[in-house]
Amino acid sequence: DPAVITFAFISVSIMSVYPVIFSSINSLSEAATKREVEAQNKMLIAQIEAENAQLAADSQARHDRRHHNLVMLEFANNNDIESVREYLKSLVESESEVWGEVRYCENMTINTVLTVYERRAKENGISVQISANASRDLDVSPQDLVIVIANLFENAIHATAKHKGKKKLIDISIKGSAQRLLIKVENPCRNNLTFDETLYGVGIRSVIATTNKYEGMYDFTAEDGIFSAKISLNLK
């Protein structure tokens, strides 16, 4: 029967195509996973580099502190209390200026990520406004903090660098408590941008996966020329 032969031929053809389709899907999935791992590795390397730089700075500070102490000891031996007071005041002001550039909150991982990516933003001519309040012992793994904050910050840098407007500003807010960690990153975007799941890149998918890991919530919106990414991680 020709009809039976034709149906059998089509069935065989479809069955022969399935492995190709599945292979293509697997290849795309593997490629996406590879890009995600590479992105995370770059973030972790950046974190390590920044921490090493901080350790080197701390070592230098300890070395310099010895000289400062010798100077103040000499003032004290001469009963020159006013000179001791003025010298200490200058040191406190100097340290405040240094920490003001790199220290945002008590959490070292958050400080490191913000420092690294703020530097990258400034290298691209982008201003950054940061408000961070999170404890040193925040109940989130350092790796997850890097994934969420670094991905959002990096995406904001890329979008802002491409933005045609004059105002290139990224606004970041991080608030931590015993119950949750709230992260908000805002950057300029085109007025007619409609953001939906079709625009989720590898970085955003990593952020979503990490948010789901903490049974949290995420919200991505574009309104009045501002793109806003809001993340809430449940800590208990």
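Start by selecting D224, which is found in the loop between β4 (217–223) and β5 (226–234). This is a predicted model. Colour by secondary structure before you go on.

**Stop 1**

Show the backbone at D224. Its phi is near 55°, a positive value in a residue other than glycine. Is D224 buried or exposed? D224 counts as exposed, because its relative accessibility is 69% and the cut-off for exposed is over 50%.

**Stop 1**

The structure holds 3 aromatic pairs. One of them joins F220 and F227. Check the cover on each ring. F220 is buried, at a relative accessible area of 9%. F227 is buried too, with a value of 13%.

**Stop 3**

Keep F227 on screen and select N187. N187 is in strand β3. With a relative accessibility of 4%, N187 counts as buried. What does N187 touch, not counting residues up to four places away in sequence? Its contacts include G225, I226 and F227. Also among them are A156, A159 and T160. L169 and I170 complete the list.

**Stop 2: the whole fold**

The secondary structure comes to 5 helices and 5 strands. The accessible surface of the protein comes to about 15200 Å². Carbon and sulfur atoms account for 55% of that surface. Of the 236 residues, 31% count as buried. Among contacts between residues at least 6 apart in sequence, 67% join residues at least 24 apart.

**Stop 3: the largest nonpolar core**

Hide the surface. Select I110, L114, L152, F153, I174, L181 and I183. These are the residues with the most contacts inside the largest nonpolar core, which has 41 residues. Which elements give two or more residues to this core? The helices are α3 (108–123), α4 (142–162) and α5 (202–213). The strands are β1 (127–133), β2 (169–176), β3 (180–188) and β5. Helix α4 supplies the largest share, 9 residues. In soluble globular proteins, nonpolar side chains tend to be buried together.

**Stop 4: F153**

Centre on F153, in helix α4. F153 counts as buried, at 0% relative accessibility. Show its contacts, leaving aside neighbours within four places in sequence. They include L114, Y117, E118 and A121. V128, I170 and I172 are also in contact with F153. Next, draw a C-alpha distance from F153 to D171. The two are 18 residues apart in sequence and 9.6 Å apart in space.

**Stop 5**

**Stop 6: N151**

Go back to helix α4 and select N151. Is N151 buried or exposed? N151 is buried, because its relative accessible area is 3% and the cut-off for buried is under 20%. Where does its side chain reach? It reaches the backbone oxygen of I147, at 2.7 Å.

**Stop 7: L138**

Move to L138, in the loop between β1 and α4. L138 is buried, with a relative accessible area of 9%. Beyond residues up to four places away in sequence, L138 touches N107, I110 and L145, among others. S177, L181 and L235 are also on its contact list. Draw one more C-alpha distance, from L138 to A178. The two atoms are separated by 7.9 Å, and the residues are 40 apart along the chain.

**Last stop: N79**

Finish at N79, in the loop between α1 (2–77) and α2 (81–102). N79 has a positive phi of about 55°, although it is not a glycine. N79 is exposed, with a relative accessible area of 65%.

Terms used:
Residues are numbered from 1 along each chain as its sequence is written. This is a predicted model: local features need pLDDT of at least 70, side-chain atom pairs count only at pLDDT 80 or more; totals for chains, interfaces and linings use all residues. Side-chain values use heavy atoms; hydrogens and water are left out. Helices (H or I, at least four residues) and strands (E, at least two) are DSSP runs, numbered from the N terminus. Buried means under 20% relative accessible area, exposed over 50%, partly exposed in between (1.4 Å probe, protein chains only). A nonpolar core is a set of buried Ala, Val, Leu, Ile, Met, Phe, Trp, Tyr and Cys residues joined through side-chain atoms within 4.5 Å. Contact means heavy atoms within 4.5 Å. A polar contact is a pair of N or O atoms within 3.5 Å; within protein, one must be able to donate a hydrogen and the other to accept it, and residues adjacent in sequence count only if both atoms are side-chain atoms. Rings of Phe, Tyr and Trp (its six-membered ring) pair if their centres lie within 6.5 Å; planes under 30 degrees apart count as stacked, over 60 as edge-to-face and the rest as tilted. Accessible areas come from the Shrake-Rupley method with a 1.4 Å probe; for residues, only the protein chains shown count as cover.
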